[in-house]
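Q: I'd like to learn how to read sheets and residue surroundings in a model like this one. Could we go through it together?

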Amino acid sequence: RMKQFDFVYLAFSSLILVSQVSSQTLPAEKPEALTLVGNSEGLTEILCLNQDRVMLGRRDIVEGAIASSLPFVRVNDRDLSIPIPDGHTNVEVFRISDSNQVVGFAIRPAGDGRGNLRGFVWEISSAAPTLLPIPEDFRGSCAFDSSRDGETLSGYLIGRDPPRMVPCIWI
């Protein structure tokens, strides 16, 4: 059963967005073998992995003259596609928790009156991602990180009027 999240505002006088670098620690012993992760016609990258070495990644997919990025979760040797929430066209992913929850944001077509970005969490055993709650005076959100247990998420809210970005956590 998916946890219901509430949001908490974090008040800052200014917001600086910094790209995060994942640094997961592997066990102290040396790995016995090198694992190659499925290749694509373009770039394939592993964004992060959890304590069970479940991998969160994305790969380039080329269809005719169009290249796009497809996020995936690899459990053992099986790749799972990350479902796109209804009414959205794409997802961007950033983190997988030790409880196998993926966080990111879903994208709606440009010009959608409800805003085009919405933070989500997806438990890999469930069929669809859960969109994270936002207050009425905001039009969107992005989720970027998760606690190890998946109980707390961080990201930001996107304000409607006035336009603004406010850091927040969902608990």
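A: Strands here are DSSP runs of E with at least two residues, numbered from the N terminus. Keep in mind that this is a predicted model, where local features need pLDDT of at least 70 and side-chain atom pairs count only at pLDDT 80 or more, while totals for chains, interfaces and linings use all residues. Residues are numbered from 1 along each chain as its sequence is written, and side-chain values use heavy atoms, with hydrogens and water left out.

Q: How many bridges pair strand 4 with strand 5, and in which sense?
A: Two strands count as paired if DSSP finds at least two bridges between them. Here strand 4 and strand 5 are joined by four bridges, in the antiparallel sense.

Q: Which order do the strands take in that open sheet?
A: The order is 2-3-4-5, four strands with antiparallel pairing. Strand 2 (44-49) and strand 5 (78-81) stand at the edges with a single partner strand each, so one side of each has no neighbour in the sheet. On average, neighbouring strands of this sheet are turned by 35° against each other, direction ignored; the axes behind that angle are lines fitted to C-alpha atoms.

Q: Where is Val 75, and what does it touch?
A: You'll find Val 75 in strand 4 (residues 66-75). Contact means heavy atoms within 4.5 Å. Leaving aside residues up to four places away in sequence, Val 75 touches Val 54, Leu 80 and Ile 124. Take Ile 124: Val 75 and Ile 124 are 49 residues apart in sequence, and their C-alpha atoms are 9.6 Å apart in space.

Q: Is Gln 101 buried or exposed?
A: Buried means under 20% relative accessible area, exposed over 50%, and partly exposed in between, with a 1.4 Å probe and protein chains only. Gln 101 has 6%, so it is buried. Val 75, at 22%, is partly exposed.

Q: What joins the side chains of Gln 101 and Glu 123?
A: A polar contact of 3.5 Å. The term means a pair of N or O atoms within 3.5 Å; within protein, one must be able to donate a hydrogen and the other to accept it, and residues adjacent in sequence count only if both atoms are side-chain atoms. Gln 101 belongs to strand 7 (residues 101-107).

Conventions. Axes fitted to C-alpha atoms, helices over the stretch in contact; angles between N-to-C directions.
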